[in-house]
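Welcome! Please have a look at the structure below before reading on; the report will walk you through it piece by piece.

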Amino acid sequence: MGKEESPQITRRTTRYSSAAVLKNSVETKASDTNLPSLNDLLYGEEGKPISLDDVLSSFPGRKIQILELMHILGPVNCPMVPLFIYGGTFTGKTSITLQIFRHLNRPFVYSGCLTCYNPRILFESVLNQLLLHRKNEANGYSSAKRCERPSDFVNFLREALVSVTTSLRGNSGKSGSKKSDKRANGNMVYLIFDNLELVREWDKSSTILPFLFNLYDILKMPELGLIFISNTSPDTYYSNMGYVEPTPLYFSDYSEDDLRQIFMRNQENKKLYSSFLEVVLRPFFRITRRVDELSTAFSQLYKKYCEPLSDPGVVPNEEMKRKLFSNLQPHIPPSMNDIFKVSSQPSTKVGATKEAKWKSGTKRSGGFEAIDQLDLHMSTSAKYLLLSAFLASRNPATLDASLFDSTGGSDNRKRKRKPSEKSLEQKEAVEQDLLMRGPGTFPLERLLAIFQCITSLAEGLLEEEEQGNDGLGVQGYDNSLMSDVLLQLSSLCNANFIVKGGSCPLEGSTRYRSTICEDLALKSKQKFLGGICKSKWLENDEMEKRAETEETKEGVKQTNTCEKCGASFKKPAYLKQHTRSHSDENYKDAREPVRPDLPELAKARNPTNG
Amino acid sequence: MGRENPAEKALGLLRRRLCDPSFVFKPFSDSPDSNYSKLKFIISSSVTEACNNSILLLGPRGSGKIAVLELVISDLLLEFPDMISVIKLSGLLHSDDNCAFKEIARQLCVEHQLLFSKMASFDDNSQFMIAMLRECGLAHKTIIFVLDEFDLFSQGKQRLLYSLLDAMQSVSSQAVVIGVSCRLDADQLLEKRVRSRFSHRKLLFLPPNKEDMQRLLENILLLPTDSTFPQDYTVQFNAKLQNILADERFKDVLNTYINTDSTVNYLLKFLFRAVSNMDLVTGFLSLENFKTALSNVQRQPKLECIKDCSILELYILVCMKKLEIKEQNSYNFNSIMKEYKTVHDSFQTSDYYAQNVCLRAFEHLLQRELISFTDSRGNNQSIEFRPVKLLVSSHELHQGLKSYRSCPAILQKLMAG
């Protein structure tokens, strides 16, 4: 039984341990033989009720809110109207509420909508706690009551509340007779619903939310107190109107002074740390006001700050402060830009609660962190594949030909003319469009074609550099880099660098999209191809390509051989015409793979396409 | 519990009163043209004359429809014991026909000490209800059906309403259906077959007028002059309260509050906050209590959110505003960053941070719901490419920047121009 010791307590501990502010360790239960009793509804098992001063001192900067909350809860046995607590993340809503209940020593039922992710689990968790039911082996880990509908829940809840309140009343009646170390105060029972904003995303939110807000009026039991805790303000619930608004209580974000107090808590060398905070708090405060993010950033900076000191317990004087400051100063700006790289908690990344956003949130950060380790974890061919995916995603398919065409400079004269106003406007519009649309999708064939171009080019150049002979390596598609491309692709997909987009209804094949950002691509490019072929390709991505095509590719020998299928031509113009057919293939008939080994076939198709 | 001091006891009493709607609406029941009297007359006449009836109680949320109805029913239960049984349904819980019939059967069983079967089907339950209606009619017992959130019952096929009202067409049954709704057009939502069976009797609940409001306040807040409290404390408390109620400043506070919504429950919410702020040391209510309650209850969530933002987040908001002024119909994180960069280029601000920092600030804004994505589905796009929109008006943003402590002057300037 000790193992299953009420899941509610573990839930509280997890919520607590994430709150950087709170230092009170939550007591875990030692004795295994406790029978379920009403005391389970109190905070913790052996936690002595704490005084109000303790609560106040453990939450600096929260005095107004704590006192207001105490006022609303009122003295013992006072009914209360439903309360709606709201405020940003990491403002201490849940922990303060729970600590106040610890102080008041009144029975309550806590259920967070984060763990109870659908109505049924939420209802059953409330009932389990009220009925003092524990899931264990004996009952097959089942809930006390099975209820899915709000109507059943109301009936069960009324029964459970009546039984709890009568036994509470009985308790307080004979409180003098039995000497108990701990006893619930009063005969009110409080239901706390945490993370209420998540309910809006549930399937039946349009009925569940008004139901929860109306619960007090439906039950009409003065012994019941309802507390809702939400990240978002009450006005974000208006779309589900259908209730009298509960009385609001706002937890504002911490001010600069509050943050200073919070960070000063539990510091060994207060003087030193306060001089450190003098330096860093103000600039960082302009970026974020969240305790969690600041504390991760500060913990590293403080180490840097203390580095020159031999004795960490030293009390700094003015001169030393100045020295330390000048020592730290160069580290501050980079650290500010890094502030979010190491995220302290995965949930903080999520902009909103939708799963789709979740995915993209993790994707992003994955991209950032990978920059440094890219070298270590990727094979060369994977890197090339990544690059080609990036190119395929950022460039329209129509530009492929001119990009990878070795005779791209042939019609330069046409484009060299001064950009007119109209074309500039157009360019701007295109740029705007690109900003809005984001990376496009591409079929596998196009990716492979680009990949081939890159590999052949890189191989050739490598050979050229190394051997200094005429190893052009144009026919590089059978070299080692091409091996296991599909395997590499799938591993890149798993790493979220490339995502599978929806399949095109016309073509039927899966389309891909690269999610890496430009920084990453630029960096990886410099690392892998550095110096070899300039930054030609990537400039193209910035849509300046058309103006800059006159810059001929260095290192690529002018030859009239098609890079995709190996067909050779007499004149560059023919080749160009031919190459266009490759890019057209991609959307005309993409099911047909590029067949590099059948040049005669390509030639045969050439006249029809051109 | 030992000896309580009178202040604590008074506080408890006041809070209990505020949370008990039947106490609050009691004083309205004595006048002959009140809703209470009308409703009581209708129901009692249909009980005594053994006829069927149906009524709609309409009025804004929190105007005390249910409270008055409960008062009436509890009075009638005393007046005609054993002649009335009450079935209560709520549209929030039982809008599903199946569920509603089950609940009716359950409550009927509880009322008449019958065994309720959970396994009974929809048909069983509806037949059981009709049979019970007939039986009760023969025994001259009236069943009162209270349908809270009546408008929600009109979703779907309205089978419950139809079979209820249809059963009431026969002479043998004896029932009253009372619909309670905050939609004034609730009877227009009914199907034709249901509407034709419904008597179009409606009672309208209006917010109290000035005099009623005054009476209500006195009734709730004054302490009783019997011996529950020490005599001198009661006298002093009531005198102080009368002073406050007569005070012009109090009337101002009350009027600003009531201007938004003047229903009784809304007023109770305000009084609750004021009473819970009562100073237990002095033991009296003060004008300050009401003032703080006003500021506590009337919140401006968007402004608070803006005040909570960091400077960088404000920059992003202002950049979005600028894009909106430029009449760019849709924009995403990348276009915001472009705007941010131009702002930085032209003003050389000290707050220029890397893109990933801005992205995180952007996510904070999303979390605060000051901005949101315009498209609902993510369709696999990264955050920075999805189009977004502002959820604050330019006026609110302007106000927020003004009241923001140490707001950079550039932002104000950007907002103004």
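What follows is a short tour of a predicted model, with a heading for each topic.

## The sheet in chain A

Let us begin with chain A. In what order do the strands of its open sheet of 5 strands stand? The order is β2-β3-β4-β1-β5, and the pairing is parallel. At the edges are β2 (108-112) and β5 (247-251) of chain A; each has a single partner strand, so one side of each is left without a neighbour in the sheet. From one strand to the next, the twist averages 20 degrees.

Strand β1 (residues 83-87) of chain A runs parallel to strand β4 (residues 224-230) of chain A, with 4 bridges between them. Here Leu83(A) has Ile227(A) of β4(A) standing opposite.

## A strand with two antiparallel partners

Further along chain A comes strand β8 (residues 511-514). β8(A) pairs in the antiparallel sense with strand β6 (residues 442-443) of chain A over 2 bridges, and Pro443(A) stands opposite Arg511(A) of β8(A). β8(A) also pairs in the antiparallel sense with strand β7 (residues 498-500) of chain A, this time over 3 bridges. In that pairing, Val499(A) stands opposite Arg513(A).

Which way do the residues of β8(A) point? Arg511(A) and Arg513(A) point one way, while Tyr512(A) and Ser514(A) point the other way. In a regular strand, side chains alternate between the two faces of the sheet. Arg511(A), Tyr512(A), Arg513(A) and Ser514(A) are all buried.

Is Asn128(A) buried or exposed? Its relative accessibility is 8%, so Asn128(A) counts as buried, the cut-off being under 20%. Asn128(A) belongs to helix α5 (residues 119-130) of chain A. Leaving aside residues up to four places away in sequence, Asn128(A) touches His133(A), Lys135(A), Ser143(A) and Ala144(A).

Asn105(A) sits in the loop between α4 (93-104) and β2 of chain A. At 9% relative accessibility, Asn105(A) counts as buried. Asn105(A) has a phi near 60 degrees, which is a positive value in a residue other than glycine.

## Chain B as a whole

Now turn to chain B, which holds 21 helices and 7 strands. Why is chain B described as more spread out than a compact globule? Its radius of gyration is 29 Å, well over the 22 Å that the globule rule gives for 417 residues, so chain B is more spread out than a compact globule. The C-alpha trace of chain B spans about 90 × 65 × 40 Å along its principal axes.

Of the 417 residues of chain B, 55% count as buried. The accessible surface of the chain is about 18,400 Å², and carbon and sulfur atoms make up 53% of it. Among the contacts in chain B with a separation of 6 or more, 72% come from residues 24 or more positions apart.

## The sheet in chain B and its helices

Chain B has an open sheet of 5 strands, with parallel pairing and the order β2-β3-β4-β1-β5. β2 (84-90) and β5 (201-204) of chain B stand at its edges with a single partner strand each, so one side of each has no neighbour in the sheet. The twist averages 20 degrees from one strand to the next. β2(B) runs parallel to strand β3 (residues 142-148) of chain B, joined by 7 bridges, and Ser85(B) stands opposite Ile143(B) of β3(B).

Which helices lie across these strands? Helix α4 (residues 65-79) of chain B lies across β1 (53-58), β2, β3 and β4 (175-181) of chain B, at about 160 degrees to β4(B). Helix α6 (residues 97-111) of chain B lies across β2 and β3 of chain B, at about 150 degrees to β2(B). With 15 residues, α6(B) reaches 21 Å from its first C-alpha to its last, close to the 21 Å expected at 1.5 Å a residue. Buried residues of α6(B) include Cys99(B), Phe101(B), Ile104(B) and Leu108(B). After α6(B) comes Gln113(B), with a positive phi near 50 degrees.

## An exposed loop residue

The last stop is Ser406(B), in the loop between α20 (394-403) and α21 (409-416) of chain B. Ser406(B) is exposed, with a relative accessible area of 65%. Its phi is near 50 degrees, a positive value in a residue other than glycine.

Terms used. Residues are numbered from 1 along each chain as its sequence is written. Chains are lettered from A and ligands numbered from 1 in the order in which they are written. This is a predicted model: local features need pLDDT of at least 70, side-chain atom pairs count only at pLDDT 80 or more; totals for chains, interfaces and linings use all residues. Side-chain values use heavy atoms; hydrogens and water are left out. Two strands pair if DSSP finds at least two bridges between them. Axes are lines fitted to C-alpha atoms, for helices over the stretch in contact, and angles run from 0 to 180 degrees between N-to-C directions. The radius of gyration is taken over C-alpha atoms; the globule rule is 2.2 Å times the number of residues to the power 0.38. Buried means under 20% relative accessible area, exposed over 50%, partly exposed in between (1.4 Å probe, protein chains only). Contact means heavy atoms within 4.5 Å. Accessible areas come from the Shrake-Rupley method with a 1.4 Å probe; for residues, only the protein chains shown count as cover. The expected span of a helix is 1.5 Å times one less than its number of residues.
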